[in-house]
Structures are given as C-alpha cells and as structure tokens.
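Take a look at the sequence and the 3D structure below.

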Amino acid sequence: MVNLSTKIAGIKFANPIFTASGCFGHGKTYGKFINLDKLGAVVCKTITLDARQGNKPPRIADTSGGMLNSIGLENGGVDNFIKTVVPFLKKQKTKAIVSVAGNSEREFTEAVKKLNKVKIISALEINISCPNVVHGKVKGLFSQCENETAKIIKAVKKVSKKPIIAKISPNVTDITIIAKACEKAGADAICMINTFQAMGVDIRTRKPLLGNIMGGLSGPAIKPIALKMVWEVYNTVKIPIIGVGGIMDWEDAIEFILCGASAVQIGTANFVNPTACTDILKGVEKYFKENKIKNINELKGKIKL
Ligand SMILES: Cc1cc2nc3c(=O)[nH]c(=O)nc-3n(C[C@H](O)[C@H](O)[C@H](O)COP(=O)(O)O)c2cc1C
C-alpha cells in the first residue's frame, strides 16, 4: 500500500489529487466516468450568495496550448446549492471543498455563514481571483490588491467554522505579496493559480472569441508560470499550497509537488479527458511506489538545487 495522504489545514486527505473549481461541475456528471471516492477531494464550482446568470456566450474558446473561458460564475446561489447539490455530496466518500465568491465582504460572509451549517463540507475555497466578473466598486480582482485580499480573508475567517483556502490570481506583479497577505489574514491554505486574463479574435468575423471579450487562459500554456509561482510562494509562506494550472498528466502533478504543492487540482484536463483525475492519481501512485516514497513530505518542495 502506498501512502498518498496529505494534510492541509488540519484535514487529512487520502491523496493529493483534487478537482479544480469550475472544471468538474459538482461531480455529478463526472461521477459517471470515474469513481469520485478515489479522489482526494472534489472542489465544487464556485457559488455565490445569490444566483448569477453568468456572461454572454460564447463562454469558452479553444486556443493554442489551452482554452479561454468567461463563464462569469453562473450558479444557482448558496441556498439552491444546499438544497440540490449537498444531498449528492453527502452520498460520496470523497471530501468536498466548496468554492465561494462574492461582490462584497457581506456577500462572502453571508454565504460562508450559510455553509457553516453543512457538516459534510471539509473546507471552503475563497475565490478572490475570478477574472470574469466585476466586484462591485472594486475594479479588477480582490486578489490583485493586498488590502482587499486581507479584508476578505479576515472577514470570512472571522465567521467561518471551516478551514479557509484562499484562491489567488496570477494577474499580479508579485504573487508572494498577495500570498503573505492571505497568510497574515488567517488563511489556512492557498490555492494557486486561477486563470490568466486573456482574449482571442476570430479573424474571419473580426469578433472576439468570447462574448465577454476578455476571459481567462488555462491549460498547458500556463503550467510553467504556475510552477514558478508555486515555488516562489512555497519559499515565502508557511501555510500549505494547493497547486493548479495546466496539469494534464501525472508528471505535471509531481512537478507541482516538487515545487512545494501539498496537493494539486485538475482543471482543463477534465474537458479533454473525463478520466484525467483518476489517470493522474494512478500515475502518481506508481511514481511513489517505484521511487519508494513513504510520504508526500519526502517530495514536497524537494527540487535538487
Ligand atoms: C471553464 C472554466 C471554469 C472555471 N470556473 C472557475 C470557478 O468557478 N471558480 C474558480 O475558482 N476557478 C474557476 N476556473 C479556474 C480553474 O479552477 C483553474 O484555476 C484554472 O483553470 C487553471 O487550472 P487548469 O489549467 O488546470 O485549468 C475555471 C476554469 C475554467 C477553464
């Protein structure tokens, strides 16, 4: 038996392979292709206090080395989530992490208070990095600003009965400043990275590929940048990092762990291959076995310099 377990925010996960928010729904559809119980955690699509319709279509587009999206956090709101998704999550053995976003401190904290009552949620991922929405008076993303980051994380930490994972944006000059602000504000872990702000144009119609004009770039193109950022943050903060960005196979996942990730999330890969998460898990397990790795800590951040 290989020990793949990983501890984040005081929670023991069976393995470090999680799904990435927005790339796996809430697990219902993907559960037809893979055994959800095998995953370290399912991270649900971001929900908000009130329902949102999302952005104008087209909302996704193909691009070299990845994909563009501008979904715009379409969801039915937190009450609807509790009513329609939680009963499904209750039946799963895998841990559930719920992603929450809002336009204001109040919207974040109200949603978090409602989720406090749901026992089966292991942790909350606070999405302060979605590139596809305008946050009230805040131009840009909360996690593009050190003070806004601290304000939201402090506020949710104060009301949350669950561990807080701050999901941050790569669209900044120095991501370590934002990571430090999260840690100082009380975040239990950091999830990084969300997508890079990006766009594309159809030269035949001369129209933007996305209805929202701009969106976020994900997939293999962003992996080397994500790795560099994980490594930088690993060398800056003490709280655990969940690495995400362009992980398409098990080798990519091992690279993230070597750069300091305590777990990884699989996003765009699910759109190409619905069994990506369990395929990656199998590969990681084999690597641990072949290299006689007893514990993820033997690998985490252990790049030979
Ligand atoms: C279609 C799509 C929808 C996404 N929706 C969300 C979301 O609701 N919340 C969130 O935190 N991240 C969202 N993301 C970002 C992913 O969780 C992930 O951070 C990003 O795509 C980088 O990982 P990847 O390259 O493996 O996809 C979305 C990404 C895509 C492609």
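## Two helices side by side

Start with helix H3, residues 105–116, and helix H4, residues 146–159. They pack at an angle of about 25°. Their axes are 9 Å apart. Angles under 35 degrees count as roughly parallel, and H3 and H4 are therefore roughly parallel to each other. Their crossing is right-handed.

Which residues of H3 and H4 make the contact? On the H3 side they are Glu105, Phe108, Thr109, Val112 and Lys113. H4 supplies Lys151, Ile152, Ala155, Val156 and Val159. By class, this contact of H3 with H4 has 6 nonpolar residues, 1 polar residue and 3 charged residues.

## The whole chain

Now step back. The model is predicted. Its chain has 9 helices and 16 strands.

What box do the C-alpha atoms of the chain fill? Taken along the principal axes, it is roughly 50 × 50 × 40 Å.

## Around the ligand

There are 27 residues around the ligand. Which of them come nearest? They are Gly22, Thr46, Ser218, Gly267 and Thr268.

The shell around the ligand can also be sorted by class. It has 14 polar residues and 11 nonpolar ones.

Two peptide bonds deserve a look. Where is Pro58 placed? It sits in the loop between strand E4 (41–43) and strand E5 (60–63). The peptide bond from Pro57 to Pro58 is cis, and its omega is near -10°.

The bond from Met192 to Ile193 is also a cis peptide bond. Here omega is near 15°. Ile193 belongs to the loop between strand E10 (189–192) and strand E11 (196–198).

Finally, find Ala9. It lies in the loop that runs between strand E1 (6–8) and strand E2 (11–13). Phi of Ala9 is near 55°. That is a positive value, in a residue other than glycine.

Definitions and conventions:
Residues are numbered from 1 along each chain as its sequence is written. This is a predicted model: local features need pLDDT of at least 70, side-chain atom pairs count only at pLDDT 80 or more; totals for chains, interfaces and linings use all residues. A residue is near a molecule or strand if its C-beta atom, placed from the backbone, lies within 6 Å of it. Ala, Val, Leu, Ile, Met, Phe, Trp, Tyr, Cys and Pro count as nonpolar, Asp, Glu, Lys and Arg as charged, and the others, Gly among them, as polar. Axes are lines fitted to C-alpha atoms, for helices over the stretch in contact, and angles run from 0 to 180 degrees between N-to-C directions. Helices (H or I, at least four residues) and strands (E, at least two) are DSSP runs, numbered from the N terminus. Angles under 35 degrees count as roughly parallel, over 145 as roughly antiparallel, 65 to 115 as roughly perpendicular and the rest as oblique. A crossing is left-handed if the near helix is turned anticlockwise from the far one by less than a right angle, and right-handed if clockwise. Two residues are in contact if their C-beta atoms, placed from the backbone, lie within 7 Å.
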